[in-house]
Amino acid sequence: MRPSSIDILGQRSFAGAKLESRNELLIQLKETHFRTNYFIRTHPLPLEEAIIQDSLHNKFPKMKNHIIIIGKGMTNIFDLIRPLRAKYIGVLRPIIILTSDIIDQDSWSRIAMFDLVYIIKGSALEERNLRRAGTVSYTHLRAHETGRNL
């Protein structure tokens, strides 16, 4: 039987450190992959620090060309944000999540490592909240509902 890549890597030390288990090796490989291929923070941002209470303009007056994600039920937000943080895109644009729901700690813990991701709590049906998120004009609108394509 031919050994897997993980088994081969597991037989030698990874980046000079002795790894004790296959799970540690997998975690180390995943972390290295993310550091190499994605714009990530050195330390995850706590959820409380990611929430913008008043408006984007008040907190970050010079921010522009940001991406606004509007949604509800953000359990799969990682799958949306990950490609937006890929280094091959070349540009790191801030992401503002406008949602009327509270993002649960499990979902946040998966995206807290990505740089320049912030949350504004509010309904996108209210113009006031769209302005809080920094909308001046609308150029792109995409709708997605879990389990159904629109």
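**Notes on a pocket, a patch and some contacts**

1. Helix α2, covering residues 22–37, is the main contributor to the lining of the second largest pocket, giving 5 residues. Please keep in mind as you read on that this is a predicted model.

2. Staying with that pocket, its volume comes to about 340 Å³. The lining is made up of 13 residues, and those nearest the centre are Lys30, Glu31, Phe34, Ile40 and Met113. Sorted by class, the lining has 6 nonpolar, 5 charged and 2 polar residues.

3. The model has 6 aromatic pairs. Because Phe34 belongs to helix α2 and Phe78 to helix α5, the pair ties together parts 44 residues apart in sequence.

4. Turning to charges, there are 3 salt bridges in the structure. One of them joins the side chains of Arg41 and Asp115, with 3.9 Å from N to O. Arg41 sits in the loop between α2 and α3 (47–50), while Asp115 sits in the loop between α6 (105–111) and β3 (117–121), so to speak a link between distant parts of the chain, 74 residues apart.

5. Finally, on the surface you will find a nonpolar patch formed by Tyr88, Ile89 and Val91, which together have about 350 Å² of accessible area. Val91 is located in the loop that runs between α5 (77–84) and β2 (95–99).

How values were computed: Residues are numbered from 1 along each chain as its sequence is written. This is a predicted model: local features need pLDDT of at least 70, side-chain atom pairs count only at pLDDT 80 or more; totals for chains, interfaces and linings use all residues. Side-chain values use heavy atoms; hydrogens and water are left out. On a 1 Å grid over the protein atoms alone, a cavity is a set of points where a 1.4 Å probe fits but cannot get out, and a pocket is an open set with protein on both sides within 12 Å along at least five of seven lines; lining residues have an atom within 4 Å of a point. Grid points are joined across faces, edges and corners, and a volume is the space filled by probe spheres set on the points. Helices (H or I, at least four residues) and strands (E, at least two) are DSSP runs, numbered from the N terminus. Ala, Val, Leu, Ile, Met, Phe, Trp, Tyr, Cys and Pro count as nonpolar, Asp, Glu, Lys and Arg as charged, and the others, Gly among them, as polar. Patches are made of residues with over 30% relative accessible area and no salt bridge: like charges are joined within 9 Å, nonpolar side chains (Val, Leu, Ile, Met, Phe, Trp, Tyr) within 5 Å. Accessible areas come from the Shrake-Rupley method with a 1.4 Å probe; for residues, only the protein chains shown count as cover. A salt bridge is a side-chain nitrogen of Lys or Arg within 4 Å of a carboxyl oxygen of Asp or Glu. Rings of Phe, Tyr and Trp (its six-membered ring) pair if their centres lie within 6.5 Å; planes under 30 degrees apart count as stacked, over 60 as edge-to-face and the rest as tilted.
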